[in-house]
Amino acid sequence: MERVPILKIGDILLVSIQVDMSDQTAVALQEDLAERIVATGCHGVIIDITALDIVDSFVGRMLSTIASISRVLDAETVVVGMRPAVAITLVELGLSLNGIRTALNVERGMELIAIDRADDDHHDERDDGPVPEPTASP
């Protein structure tokens with residue numbers, strides 16, 4: 001069984017799918033990626049599908065499942081490198097890839113994840129303190 005390599009670049013895991021995705025390969029990728037997210041504490045996952053000429057409903061569901069697993073483990077998923085024909089096929093199949101952000105290339109995907117993390121960090125740092133209790137007017 002082939003394994004899809006998962007590379008760590010800073011705070012991001014990069015998955016470049018270069019093989020046809022069989023059921024076994026997809027399940028192994030989901031498990032490997034979940035383990036790597038936990039082991040590294042990465043907050044971003046980029047899935048590069050540039051090498052895929054065809055994305056069927058199986059691959060679309062697999063991408064959605066990976067995004068859901070990643071989100072539960074506090075990692076944002078961005079799919080990059082989608083060819084126009086692949087985008088058209090996904091729309092024709094009625095697959096909206098809920099929860100998955102897309103970008104044209106890896107660099108743009110890394111920018112999206114960096115922006116999301118900066119927004120999350122900004123919200124975490126904000127502390128409005130306790131809400132004051134209303135006072136009765138005399």
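In this predicted model, five strands make up an open sheet of mixed pairing, with the order β1-β2-β3-β4-β5. The edge positions belong to β1 (6-9) and β5 (101-103); each has a single partner strand, so one side of each lacks a neighbour in the sheet. From one strand to the next, the twist averages 25°.

Helix α2 packs on this sheet, where it touches β3 (44-48) and β4. The direction of α2 makes about 150° with that of β4. Strand β4 itself runs parallel to β3, and five bridges join the two. Within that pairing, V45 has T77 of β4 as its bridge partner.

The protein has four helices and five strands in total, and along the sequence they follow the pattern β-β-α-β-α-β-α-β-α. Of its 138 residues, 38% count as buried. Among contacts with a separation of 6 or more, residues 24 or more positions apart account for 73%.

Next come the charged side chains. Side chains of opposite charge can pair when their charged atoms come close. The structure holds four salt bridges. One of them is formed by the side chains of R3 and D32, at 3.4 Å from N to O. R3 lies in the segment before β1 and D32 in helix α1, so that pair links distant parts of the chain, 29 residues apart.

Another salt bridge brings together the side chains of R83 and D53, with an N to O distance of 3.1 Å. This pair also links distant parts of the chain: R83 belongs to the loop between β4 and α3 (84-93), D53 to the loop between β3 and α2, and 30 residues separate them. R83 has a relative accessible area of 36% and is therefore partly exposed. D53, at 52%, is exposed, because the cut-off for that class is over 50%.

R101 and D116 also meet in a salt bridge through their side chains, at 2.7 Å from N to O. R101 is in strand β5 and D116 in helix α4 (residues 106-125), which puts the partners 15 residues apart and links distant parts of the chain. The accessibility classes of the two partners can be given in turn. R101 is partly exposed, its relative accessible area being 31%. D116 counts as buried because its relative accessibility is 16%, and the limit for burial is under 20%.

What is the nearest side chain of opposite charge to D48, and how far away is it? D48 sits in strand β3. The residue is buried yet has no salt bridge, and the nearest side chain of opposite charge is that of R83, 8.5 Å away. D48 does have a polar contact, however: its side chain is joined to that of T50 at 2.4 Å. Leaving aside residues up to four places away in sequence, D48 touches L14, V15, S16, I17, V80, G81 and V106.

Two further sites complete the tour. D74 is in the loop between α2 (57-72) and β4 (76-80). D74 is not a glycine, although it has a positive phi of about 70°. With a relative accessible area of 42%, D74 is partly exposed. E35, for its part, is found in helix α1 (residues 23-40). E35 counts as exposed because its relative accessibility is 54%. From C-alpha to C-alpha, E35 and L73 are 9.8 Å apart in space, while 38 residues apart in sequence.

How values were computed:
Residues are numbered from 1 along each chain as its sequence is written. This is a predicted model: local features need pLDDT of at least 70, side-chain atom pairs count only at pLDDT 80 or more; totals for chains, interfaces and linings use all residues. Side-chain values use heavy atoms; hydrogens and water are left out. Buried means under 20% relative accessible area, exposed over 50%, partly exposed in between (1.4 Å probe, protein chains only). Two strands pair if DSSP finds at least two bridges between them. Axes are lines fitted to C-alpha atoms, for helices over the stretch in contact, and angles run from 0 to 180 degrees between N-to-C directions. Contact means heavy atoms within 4.5 Å. Lys and Arg count as positive and Asp and Glu as negative; His and the chain ends are not counted. A polar contact is a pair of N or O atoms within 3.5 Å; within protein, one must be able to donate a hydrogen and the other to accept it, and residues adjacent in sequence count only if both atoms are side-chain atoms.
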